[in-house]
Amino acid sequence: MARGPLPLPVSLDPVSPTPLHVQLREGLRGAILDRRLPRGTRLPASRMLAADLGCARGTVVLALEQLIAEGYLTARTGSATRVAATLPDDTLPRPDGAARPALAAAPNLSRRGARLIAAPARRFMAGPGVPDAFALGRPALDAFPYAVWARLLQAEWRHGPAERTDPRGSPALRASIAAYLAQARGVACEADDVIVTAGIRQSLRLLADLLLDPGERALVEEPGFPGIALALASGGLIPVPVSVGPGGLSVSAAGPRLQGARLAVVTPAQHYPLGHAMSLENRLDLLAWAESVSGWIVEDDYDGAYRYAGRPLAPLRALDRGGRVIYVGSFSKLLLPALGLSYLVLPRGLVAPVHQALAETGPAPPGIGQWALARFIEEGHLAGHLRRTRRLYALRQEALVEAAHRHAADVVAVAAMEGGMHLIARSGPAWPAALGDAEAVARLDRAGISAVALSAYHVGPPEPGLLLGYAAVPERVIEPAVRRMAETLRAAG
């Protein structure tokens, strides 16, 4: 028998550095997994829950939306929100509380599996008192317009989706993305050219299956995000690293590595992780190469909107006259990681085959929030948010550079970049000679500071350094975090 609303075993700490919606989400998730909220339990209405907890209704709506997307809660139009009858299997505790049986021996992993677990891990929350210093890929959650987003989510829940399920993504969202890209990024496209996915890895796997045969070669940037090569390898392709210089990836310098390749994955606006912008000469050479081999270019414009010196650079797609560039973007890095929504923009010649492939397989992106995101874009909130965060990130980058110069110049050298959401700290004169960047990351982690080793992004000989994300770090937190980082590194000597 379905249970009525129960008092929730959750409390919020308004002085904690952890955002209230995160506290509520984690508290509810813990109560569900501990079975303090049994399956089928009906939750109080969001307005009543907000009153009980002493927080804004938008805080409650955002936490519930994230748990629904993760499968812990269910919600239907005109019905109450309930604990899901079937929870995510990989997080269920054993019913009797018994320990899981130990493996008799270490599992034999595939080569692909070994590469997967060797990829650099990213922490998203740092130690006490130092929120998100200096986690990568984390946007400024303190600048997100939660009240607007909650209103749009409430409207989506109240009215229900007006569209049938489409494996390409919500038609309303695809139309909004096309209009936004044409105006803000100079990418001329139509709604039919846009596919909504759950991330670039899913997009790459789809493209690998559709465009190349197993065993074919694909160019990737060196250094570069390891997830790109892993996604291509999972599709049976052979990733071929090409060194990136100050002008980005250069096909003229790739030499024999081009042999047999028909796909390249690049970050032209803001190379990840070094921050170089691809020069016009290298862009034109890359387009000419793709045309000559009947190949394809995947342009990952992961944070091209964030440029602090002049206007954002035009995408490679804007130069494409032969229909060879597949443009990829993400909302998770711009807005909320919990959205889990990305998109790709297809050349006209790929639209029909991709649509046919999706009709058979479908990427199944998260359905909740697509209508709300479409309205968020249409009403101008995305453009406004990007304007605000562009100014905010420029100030936070400047604060990080200045704090590093004042408090850590002996151990790290941190230089400003023209865009992006992270900086690179390279070893200074007092950096301990025997300290590798991977060990430095481990020591910083124990001190409550998040960083990623630059060497983890290299396939060949590593270039040591630390990647420090600053977008999610308030200016008041940056200076004490830098001091703690410097003290930790000096103590390693």
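User: In which loop does L319 lie?
Analyst: In this predicted model, where residues are numbered from 1 along each chain as its sequence is written, local features need pLDDT of at least 70, side-chain atom pairs count only at pLDDT 80 or more, and totals for chains, interfaces and linings use all residues. Side-chain values use heavy atoms, with hydrogens and water left out. Strands are DSSP runs of E of at least two residues, numbered from the N terminus, and L319 lies in the loop between β8 (296-300) and β9 (325-330).

User: Is L319 buried, partly exposed or exposed?
Analyst: Buried means under 20% relative accessible area and exposed over 50%, with partly exposed in between, for a 1.4 Å probe and protein chains only. Because its relative accessibility is 32%, L319 counts as partly exposed.

User: What is the place of E221, and which side chain of opposite charge is nearest to E221?
Analyst: E221 is placed in strand β4 (residues 217-222). Although buried, E221 has no salt bridge, a term that requires a side-chain nitrogen of Lys or Arg within 4 Å of a carboxyl oxygen of Asp or Glu. Lys and Arg count as positive and Asp and Glu as negative, while His and the chain ends are not counted; on that basis the nearest side chain of opposite charge, 9.7 Å away, is R283.

User: With which side chain does the side chain of E221 make a polar contact?
Analyst: Leaving aside neighbours within four places in sequence, E221 is in contact (heavy atoms within 4.5 Å) with residues including V242, L249, T267 and Y272. A polar contact is a pair of N or O atoms within 3.5 Å, where within protein one must be able to donate a hydrogen and the other to accept it, and residues adjacent in sequence count only if both atoms are side-chain atoms. At 2.8 Å, the partner of the E221 side chain is the side chain of T267.

Technical notes: Helices (H or I, at least four residues) and strands (E, at least two) are DSSP runs, numbered from the N terminus.
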